[in-house]
Amino acid sequence: GFIGVQIQPVTAEIADAIGLKAASGALVADASPDGPAAKAGIRRGDTITALDGKPVKDARELSRRIAEVKPGDTIKATVFREGRERAVSIEVARQPAA
């Protein structure tokens, strides 16, 4: 699976700066304009904190869990933005050829 985001770890400093209670999840450094995440409303600066209701520990875990999703399936992501959590549905795509 593929959602079209560049992600980075959430450090304690980043968590504190954006108002997250814990240094967990994956910070979206960039979202491909035509990618599944952007189409679902995810944008740069968002933090993905959960997938299908299960917390995302870090950026590596998010990548692994997305990779396990079958293209065409929809996942629910919990996104932290501007001090609030919101739920979005993302239709997972196939990883583009290099």
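The side chains of Arg-65 and Glu-61 meet in a salt bridge, 2.8 Å from N to O. A salt bridge here is a side-chain nitrogen of Lys or Arg within 4 Å of a carboxyl oxygen of Asp or Glu. The structure holds four of them. This is a predicted model: local features need pLDDT of at least 70, side-chain atom pairs count only at pLDDT 80 or more, and totals for chains, interfaces and linings use all residues. Residues are numbered from 1 along each chain as its sequence is written, and side-chain values use heavy atoms, with hydrogens and water left out.

- Arg-65 and Glu-61 are four residues apart in helix H3, so about one helical turn separates them.
- Helices (H or I, at least four residues) and strands (E, at least two) are DSSP runs, numbered from the N terminus.
- Arg-65 counts as buried because its relative accessibility is 14%.
- Glu-61 is also buried, at 14% relative accessibility.
- The classes are buried (under 20% relative accessible area), exposed (over 50%) and partly exposed (in between), with a 1.4 Å probe and protein chains only.

**Other salt bridges**

- Glu-82 pairs with Arg-43 in a salt bridge, with the closest N and O atoms 3.5 Å apart.
- This pair links distant parts of the chain, 39 residues apart.
- Glu-82 sits in the loop between strand S5 (74-81) and strand S6 (84-91), and Arg-43 in the loop between helix H2 (36-39) and strand S3 (47-51).
- Glu-82 is exposed at 66% relative accessibility, while Arg-43 is partly exposed at 42%.
- Arg-64 forms a salt bridge with Glu-68, and their closest N and O atoms are 3.5 Å apart.
- Arg-64 is partly exposed at 45% relative accessibility; Glu-68 is exposed, with a relative accessible area of 58%.

**Largest pocket**

- The largest pocket has a volume of about 240 Å³.
- On a 1 Å grid over the protein atoms alone, a pocket is an open set of points where a 1.4 Å probe fits, with protein on both sides within 12 Å along at least five of seven lines; lining residues have an atom within 4 Å of a point.
- Grid points are joined across faces, edges and corners, and the volume is the space filled by probe spheres set on the points.
- The lining has 15 residues, with Phe-2, Ile-3, Gly-4, Val-5 and Ser-63 nearest the centre.
- Strand S1 (5-9), strand S2 (26-31) and helix H3 (59-67) each give two or more residues to the lining.
- H3 supplies the largest share, four residues.
- The lining divides into eight nonpolar, six polar and one charged residue.
- Ala, Val, Leu, Ile, Met, Phe, Trp, Tyr, Cys and Pro count as nonpolar, Asp, Glu, Lys and Arg as charged, and the others, Gly among them, as polar.
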